[in-house]
Amino acid sequence: MQYIRLVSVVWVLLFAFSEASEVAPRKVSLLLKWKNQFQSAGFLIAKEKGFYRDVGIEVDISEYENGTDIVQDVLDNKVSFGVSDSDVILGYMRGKPIVALMALFQHSPNVLMALESSGIRTIEDLKDKKIAIYSKDTAISIFSMLRANKIDYHRLDVVFDVNKLIDKEVDVMLAYSSNEPFVVGEKGYKPVIFNPNEYGFDAYGDILFSSREMIGKDPGTVRNFYYATKRGWEYAFNNVEESVEIIYNKYNTLNKSKEALRYEARELRKLSGIEKNYGELSLERIKSVAQLYSLIMADIYIPARLDDFIYRKMVTSVVLTPAEREYLKQKGTITMCFPVNNPPYTMLSNGQPVGMSVDYLRMMEQKLGIPFDFLYVKDTEEQFKKIENRECDAIPVMLTSPQIVPYVVTSDIVGWDTLALVTRNSEPYVFDLKNLKGKKIGIHNDPPYIRRYLELHYPGLDYVMLDTPDVSRVASGELYGVIGVSAQMGYLVSSDYAHTLKVMTTFEESRVNGSIGVHIDDPVLMNIINKGVLALENIVNERLRHRWINVHYREVRDYTLAYEILLIALLILGGTIYWNRKLGIEIRKRIATEEELRKSEEKFRAIFDLSPVMIDGFDNSGRCILWNKECQKVFGWSIDEINQHQEPILLFYPDKRVAAEVFRSFDDEAQGDFREWHPVDRYGQTRVTRWANVKLYDGSVISIGYDITEQRAMELESARKTQEIIDVKELLKEANDNLRQKVDRTVQEIRNKEVLLEHQSRFAQMGEMMAMIAHQWRQPLSAIAASVFSIQTKLVFRQYDLSEKDEREAFLKKLNDNFEFILGHADAMSETIDDFRNFFRQEGSMEEMSVNDICQKSLQMMRPLMESRGIDTVVDYQSTASVKLYPNKVIQVILNLLKNAQDAFDDKETGDNMIRLSTCDTADEVVIELSDNAGGIPEETASRMFDPYFSTKLDKNGTGLGLYISKMIIEDHHKGTIVYRRVEKGSCFIIRFSKDGTGV
């Protein structure tokens, strides 16, 4: 390997010297978005390692100075290239002739940061706070997150000085996730981060761009700068320590420590997409960001304006350096190792190479001006052996997710595809592949990426490894289905099994990248191939797909005479049936369209009626036109009963002033923001509800709401019970001050109320439970809001022309996908409510069950809060016995122990936080052990921990009842035992139940 690297370096140096001797380097300039740090590592490394020099470029790199307009400096030719944020998309939409070259980070590092000491914990806590942030031109994802969560705040000018936060001059500041959190950590503070990506708003990070004039005037220089820069970033991310040393010693403008630079490198690498799609710019994502700008700022979004914004879509020609032209002249041809049986990519027909990859290479021949010579091989093993032995120069298309051959380097991505499942036509559609347990599914064992992906995302299925993607075994019924690359599956089905097999589904989240492989000793050829790739379309574009997924090459025979006779007969027959057939096609199209609309309506109706949230709508006259089953369940009226009333809105709001305000809100507040209202139901009871109004593209308004009456009542009841506990404690204090005899009598009364205290303890936990529910609901609610937002946006901006079949079908599919997505999250939210509601129901009698199930249910309820605090949970369930228990009471005990462990971690900040929950059986007992590494409980405290009203958290609203109630539940209700012991790094609680229920 060292020899190979040495040869590579020699090749690069030889050709760099050759080129330098022929032509003076082209001088260009780059203006950074900020100062020199790891945020600019790719450019600095490309300069230091000679990557720019290798392609005949000399780059002058300038740091950002306050007040500089980067975009305008590029347009005024003060600099050749610039780095900015997603605001370059806004500039392009406003008519500035700029072109985006690459995304340095696939996800924006922009976050909001507060200090834990400020008391800010949730995004709702940001209301009315002083937030130091950019204007709306930049950090669009931050503004979208704040607006979507209805956060009103006081905006201050952006600062990147954490001392402003520490000194409380600002409450919250815009920060880079790769920098400021580390700085406040060094100063001894704990940051609280609000990342827009977690709320469904994602934008690109730094974007490298240039002017359209620069690209038109000197495309070769731009292309060479693009490749050398990308090479520099890939080197920097894959050689972090070396890059940190270079920046620290030569470019450390901000005087950052090495550890700070390493932290910055680690965080930016996570955002870069370096292992997947580094540098890529997706038109779909760019349009999504443009839509956010349109909604936040003004109606400036015109999708067509963005089609030429991405650099790769503009490049159509190849400009080679003199050294590269000399290389091709001496080479004469480029030899490709060609696998003959890899349809539809590479095949033989009449002794000639054909396929999608071959078509792509033929186009590249025209771009490079050199022919490709195809050397046939039988399989990939022979292919890799020949390129290792230098019998060929390159491999047409190979897998790059991940790279699997050490002596082959890969070009930029030629194309990508997803995985697909092929089944028989008769098989019903399956919405969740996890339901296919027991079905035999074939997987092609080359490449191994497919198996790894499926076993990770769909474990437990019955996979059968195949030497080839043999769909004939599906047609014969031997296999339920075969999973492979989408284009290959489509080709095999359309070629021989169009009437018996179908592509049931594709795995949209999967991604298989393909590139041209070149021997590692040939860096010049690699540069040439990359330039060809840049100038060509993606290999999976629709034109190549249409040709190869619908055509199958077979042996050619001369049937000319038969075809001529058949043609004459068809012409005669065609004149007779032409109009009938045309009419039949139109009828079938209409029927198919009506059927699709009917199915779409049925799905919408199912979502509408089964939705756990209320959905209604009133027209301008006050008549109710939408009223789902949840509305009827909450209020008691049917839609017909409502419309029998002369003024339906007065049924809910008898006060006419309030009713008028509700009507005004349909227009004034139709932006999707929730507001609390207090309507009455048919029984005269006031309901506490929250409603959001959404205006559709035709001007009509629908309202989405949810009933929080019970939640509000539970909150009031919880407050009342808490106050009762406080009152009892005051009585005890008063009794202690008076007479010992009165204390004894009061203690006896408290013991008689132990059952009441148990219920009070459970209600005291309710606030924490509500936090758990909110935590589990936040992500699905954000996802549902984003999905509704997506539908609304597409309707508002009429992105689909419903008079065109293709766009109508695309719209229907998009709509169906969104409804299925919303329904899935709605079911998950409903299941969460059922879990917590069951926890608080009154238990009647014991149930025989496994302690494993109780432990898992308890852990599931606490897991979101554990994960948000960085607490790892390890389970080891060995118990196989069943015992009679009160499940909710035991869950209460385990939840109390888990919460105590979480509080211990919060107080001590151990860093490497872990809770272990295990079960096992002995001859007579079932045992539960819960341990942590939070440091343990002092001996003087441990002896009193189960006493009533004893707590180490009285200054933090601790009641002192948790462990006392837990002991009572285990020992009095279940005849079991609960004991504490100190372990090496923390605490361990051991609970024992007798198998026969007679006591331990």
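Predicted model: local features only at pLDDT ≥ 70, side-chain atom pairs only at ≥ 80, totals over all residues.
Local features are reported where pLDDT is at least 70 and side-chain atom pairs only at pLDDT 80 or more, while totals for chains, interfaces and linings use all residues. Residues are numbered from 1 along each chain as its sequence is written, and side-chain values use heavy atoms, with hydrogens and water left out.

The chain holds 35 helices and 34 strands; these are DSSP runs numbered from the N terminus, with helices (H or I) having at least four residues and strands (E) at least two. Of its 1000 residues, 48% are buried. Here buried stands for under 20% relative accessible area, exposed for over 50%, and partly exposed for values in between, with a 1.4 Å probe and protein chains only. A contact is counted when heavy atoms lie within 4.5 Å. Among contacts between residues at least 6 apart in sequence, 73% join residues at least 24 apart.

We can turn next to the interior. In soluble globular proteins, nonpolar side chains tend to be buried together. A nonpolar core is taken as a set of buried Ala, Val, Leu, Ile, Met, Phe, Trp, Tyr and Cys residues joined through side-chain atoms within 4.5 Å. The largest such core in this model has 49 residues, and Leu112, Leu126 and Phe194 have the most contacts inside it. Helix H13 (residues 283-296) supplies the largest share of this core, 6 residues. A second, separate core has 45 residues, including Leu44, Ala46, Leu261 and Ala265. Returning to leucine 112, and leaving aside neighbours within four places in sequence, its contacts include Leu126, Ile131, Ile133, Ile142, Met145 and Leu146. Val172, Met173, Leu174, Val192, Ile193 and Phe194 are also in contact with leucine 112.

Two helix pairs were examined. Their axes are lines fitted to C-alpha atoms over the stretch in contact, and angles run from 0 to 180 degrees between N-to-C directions. Helix H11 (residues 240-250) packs on helix H12 (residues 258-272) at about 130°, with the axes 10 Å apart. H11 is therefore oblique to H12; angles under 35 degrees count as roughly parallel, over 145 as roughly antiparallel, 65 to 115 as roughly perpendicular and the rest as oblique. From H11, the residues Val240, Glu241, Val244, Glu245, Ile247 and Tyr248 meet Lys258, Leu261, Arg262 and Ala265 of H12. By class, this contact of H11 with H12 comprises 6 nonpolar, no polar and 4 charged residues. In these classes, Ala, Val, Leu, Ile, Met, Phe, Trp, Tyr, Cys and Pro are nonpolar, Asp, Glu, Lys and Arg are charged, and the others, Gly among them, are polar. Two residues of the H12 side, Leu261 and Ala265, also belong to the second core.

The other pair brings together helix H14 (residues 322-331) and helix H20 (residues 523-535), at an angle of about 105° and with axes 10 Å apart. H14 and H20 are therefore roughly perpendicular to each other. Glu324, Tyr327 and Leu328 of H14 make the contact with Val524, Leu525, Asn527, Ile528 and Lys531 of H20. This contact of H14 with H20 divides into 5 nonpolar, 1 polar and 2 charged residues.

Helix H19 (residues 486-496) is mostly covered, with 9 of its 11 residues buried. Among the buried residues of H19 are Gln488, Met489, Gly490 and Tyr491. Glutamine 902, in helix H33 (residues 887-908), is likewise buried, with a relative accessible area of 2%. Apart from neighbours within four places in sequence, glutamine 902 is in contact with Met862, Leu865, Arg869 and Ile871. Glutamine 902 and leucine 865 are 37 residues apart in sequence and 8.8 Å apart in space, C-alpha to C-alpha.

Most residues other than glycine have a negative phi, and most peptide bonds are trans. Aspartate 128 has a positive phi of about 65°; it is found in the loop between strand S5 (110-115) and strand S6 (130-132), and counts as exposed at 55% relative accessibility. Lysine 168 has a positive phi near 65°, is found in the loop between helix H7 (162-166) and strand S8 (172-176), and counts as exposed at 64% relative accessibility. A cis peptide bond, with omega about 0°, joins proline 343 and proline 344. Proline 344 is found in the loop between strand S12 (341-342) and strand S13 (346-349).
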